[in-house]
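Work through these exercises with the model open. Try each task before reading its solution.

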Amino acid sequence: MNEITEFLMKRRSIRSFQKKPVDIELIKQLIYVANHAPNSMNNEPWKFIIITDEKIKEELSKLHKGASHIALAPIGVAVVAEPDVSPETWMVDVVNATMYFVLAAYSVGLGIGWIAAYENKKAKEILGIPDNKVLVTLLSVGYPDPNYKPRDKTVKRAEDVIYFNRWGIDEDKRSNN
Ligand SMILES: Cc1cc2nc3c(=O)[nH]c(=O)nc-3n(C[C@H](O)[C@H](O)[C@H](O)COP(=O)(O)O)c2cc1C
């Protein structure tokens with residue numbers, strides 16, 4: 001293991017932010033990093049909407065209970081996929097780009113809070129996203145509140161999610177063969 005694997009394992013969702021503003025140029029650079037994510041045919045079938053408008057963040061924060069942190073974040077980001085650009089693979093492509101953005105943001109000291117908003121009609125309306133594009137997720141972005149304690153979480157062991165060669169062949173079954 002190395003520094004990068006440690007960094008990946010230490011990343012936690014952040015749901016409370018400092019008031020400190022976030023430089024839009026930095027967000028643009030992070031989105032440029034995201035554009036380097038692996039994606040089929042390198043079509044880059046995504047758009048990022050950078051949300052700075054307080055009223056829009058406020059409206060989005062009311063989508064559901066888990067969305068409240070976007071009102072506290074200096075920046076919101078909506079990740080939108082373009083199925084018309086890559087009809088077969090847009091879902092995988094856009095998730096890769098999202099994680100590139102998220103991990104790049106952590107690497108420069110920002111924190112991210114996720115908001116479940118997949119194809120949320122209200123959110124699409126607020127953000128003016130056309131019907132043929134897919135709202136994949138909303139992110140709250142800002143410098144982490146130093147007093148925020150990430151929620152407790154458990155992490156499965158590798159063995160709990162691994163099969164060998166064929167579905168259902170776990171380590172025990174494999175060693176019996
Ligand atoms: C697709 C997706 C939707 C999520 N939706 C929300 C949400 O609506 N509100 C929230 O506070 N966190 C949300 N999360 C964050 C998860 O709760 C969090 O990633 C998970 O509990 C693991 O914790 P960690 O990110 O701190 O490791 C979401 C994460 C993903 C990937």
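**Exercise 1.** This model is predicted. By class, how many nonpolar, polar and charged residues does the shell around the ligand have?

*Solution.* Start with the list. The residues around the ligand are Arg12, Ser13, Arg15, Gly66, Ala67, Gly113, Trp114, Ile115, Ala116, Thr137, Pro150 and Lys153. Next, sort them, with Gly counted as polar. The shell has five nonpolar residues, four polar ones and three charged ones.

**Exercise 2.** Find which residues of helix H2 are buried, and explain why they line one face of the helix.

*Solution.* Go to residues 24–34, which form H2. A residue is buried if 20 or more other C-beta atoms lie within 10 Å of its own. Ile27, Leu30, Ile31 and Ala34 are buried. Now look down the axis of H2. The buried residues fall within an arc of 100°, so they line one face of the helix. Then turn to the face directed away from the buried side: Glu25, Lys28 and Tyr32 are exposed there. Last, check the cover. The buried residues of H2 are covered by elements including strand S1 (46–51), strand S2 (75–81) and helix H4 (90–107).

**Exercise 3.** Locate the annotated domain and describe its two spans.

*Solution.* The unreviewed UniProt entry annotates a "Nitroreductase" domain over residues 9–65 and 80–143. Take residues 9–65: the span is 37% helix and 11% strand, and its end C-alpha atoms lie 26 Å apart. Then take residues 80–143: here the span is 39% helix and 25% strand, with end C-alpha atoms 23 Å apart.

Note on methods
Residues are numbered from 1 along each chain as its sequence is written. This is a predicted model: local features need pLDDT of at least 70, side-chain atom pairs count only at pLDDT 80 or more; totals for chains, interfaces and linings use all residues. UniProt positions are given in the numbering used here, feature names are shortened, and annotations may be inferred rather than shown by experiment. Helices (H or I, at least four residues) and strands (E, at least two) are DSSP runs, numbered from the N terminus. A residue is near a molecule or strand if its C-beta atom, placed from the backbone, lies within 6 Å of it. A residue is buried if 20 or more other C-beta atoms lie within 10 Å of its own, exposed if 12 or fewer, and partly exposed in between; C-beta atoms are placed from the backbone. The arc is that of the directions from the helix axis to the C-beta atoms. Two residues are in contact if their C-beta atoms, placed from the backbone, lie within 7 Å.
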